[in-house]
Amino acid sequence: GSGQLGDGTVTMSPSPVQVLDLLDATSVTAVQNYTCAIRSEGTIWCWGPGIAQVEGFSGVVSVAAGGSSSNYRHFCAAENDGTVWCVGFNYYSQLGNGNTMDQPSPVQTSGWP
């Protein structure tokens with residue numbers, strides 16, 4: 001309904017569809033109305049209401065998306081150096097950086113290397 005399948009449509013598909021222009025994904029995560037994938041070079045790309053590279057990430061080895069509604073969307077990524085970075089809404093301190101301010105750019109979580 002929001003384009004989260006990544007096939008250029010906003011319709012439900014009863015069978016798997018290929019994400020457009022994404023041939024080198026190493027990991028994928030999805031929640032609510034968006035989906036994100038790690039590309040082989042360690043960058044993160046998300047789609048749903050649009051497709052875009054998430055700036056500020058490099059060397060990503062895993063990613064997890066969260067949020068039960070559009071007001072709480074966020075995701076966190078582990079980089080190859082062991083650090084964890086998060087971006088998005090932070091109403092419940094879900095970004096792990098010690099405050100509740102929303103973060104449009106990645107912030108490192110507290111208590112991790």
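## What counts as a strand and a pocket

Strands here are DSSP runs of E at least two residues long, and helices are runs of H or I of at least four residues, all numbered from the N terminus. A pocket is defined on a 1 Å grid over the protein atoms alone: it is an open set of points with protein on both sides within 12 Å along at least five of seven lines, and a lining residue has an atom within 4 Å of a point.

A word on the model itself. This is a predicted model, in which local features need pLDDT of at least 70 and side-chain atom pairs count only at pLDDT 80 or more, while totals for chains, interfaces and linings use all residues. Residues are numbered from 1 along each chain as its sequence is written, and side-chain values use heavy atoms, with hydrogens and water left out.

Let's start with the open sheet in the order 1-2-3-4, which is built from 4 strands with antiparallel pairing; two strands pair if DSSP finds at least two bridges between them. From one strand to the next, the twist averages 30°, taken between axes fitted to C-alpha atoms, with angles running from 0 to 180 degrees between N-to-C directions.

Zooming in, strand 3 (residues 44–47) pairs with strand 4 in the antiparallel sense over 3 bridges. If you want a landmark there, C46 has A52 of strand 4 as its bridge partner.

Another open sheet has 4 strands in the order 5-6-7-8, with antiparallel pairing. Strand 5 (60–66) and strand 8 take the edge positions with a single partner strand each, so one side of each lacks a neighbour in the sheet. Neighbouring strands of this sheet are turned by 20° against each other on average, direction ignored.

Strand 6 and strand 7 make a hairpin with 4 residues between them, and G82 in the turn has a positive phi of about 90°. The two strands run antiparallel and pair over 5 bridges, with A78 opposite V84 of strand 7. On to strand 8: 3 bridges join strand 7 to strand 8, again antiparallel. G88 stands opposite Q103 of strand 8, and W85 has Q108 of strand 8 as its bridge partner. As for strand 7 itself, 4 of its 5 residues are buried, so the rest of the structure largely encloses this strand; buried means under 20% relative accessible area, exposed over 50%, and partly exposed in between (1.4 Å probe, protein chains only).

## Two disulfides

The whole structure holds 2 disulfides, each defined as a pair of cysteine sulfur atoms within 2.5 Å. Counting bonded cysteines along the chain, the pattern is 1-2, 3-4.

C36 and C46 are bonded with their sulfur atoms 2.0 Å apart, and the link is right-handed, with 100° about the S-S bond. C36 belongs to strand 2 (residues 34–39) and C46 to strand 3, so this pair ties together parts that are 10 residues apart in sequence. C36 is buried at 0% relative accessibility, and C46 is buried with a relative accessible area of 11%.

C76 and C86 also form a disulfide, with sulfur atoms 2.0 Å apart. Their link is right-handed too, with 110° about the S-S bond. C76 lies in strand 6 and C86 in strand 7, so the pair ties together parts that are 10 residues apart in sequence. Both C76 and C86 are buried.

## The largest pocket

The largest pocket holds about 350 Å³ of space, a volume being the space filled by probe spheres set on grid points joined across faces, edges and corners. It is lined by 19 residues, and those closest to its centre are Y34, C46, V54, R73 and F75.

Strand 3, strand 4, strand 6 (74–79), strand 7 (84–88) and strand 8 (103–108) each give two or more residues to the lining. Strand 4 gives the most, with 3 residues. By class, the lining has 11 nonpolar, 6 polar and 2 charged residues. Here Ala, Val, Leu, Ile, Met, Phe, Trp, Tyr, Cys and Pro count as nonpolar, Asp, Glu, Lys and Arg as charged, and the others, Gly among them, as polar.

Note on methods:
On a 1 Å grid over the protein atoms alone, a cavity is a set of points where a 1.4 Å probe fits but cannot get out, and a pocket is an open set with protein on both sides within 12 Å along at least five of seven lines; lining residues have an atom within 4 Å of a point.
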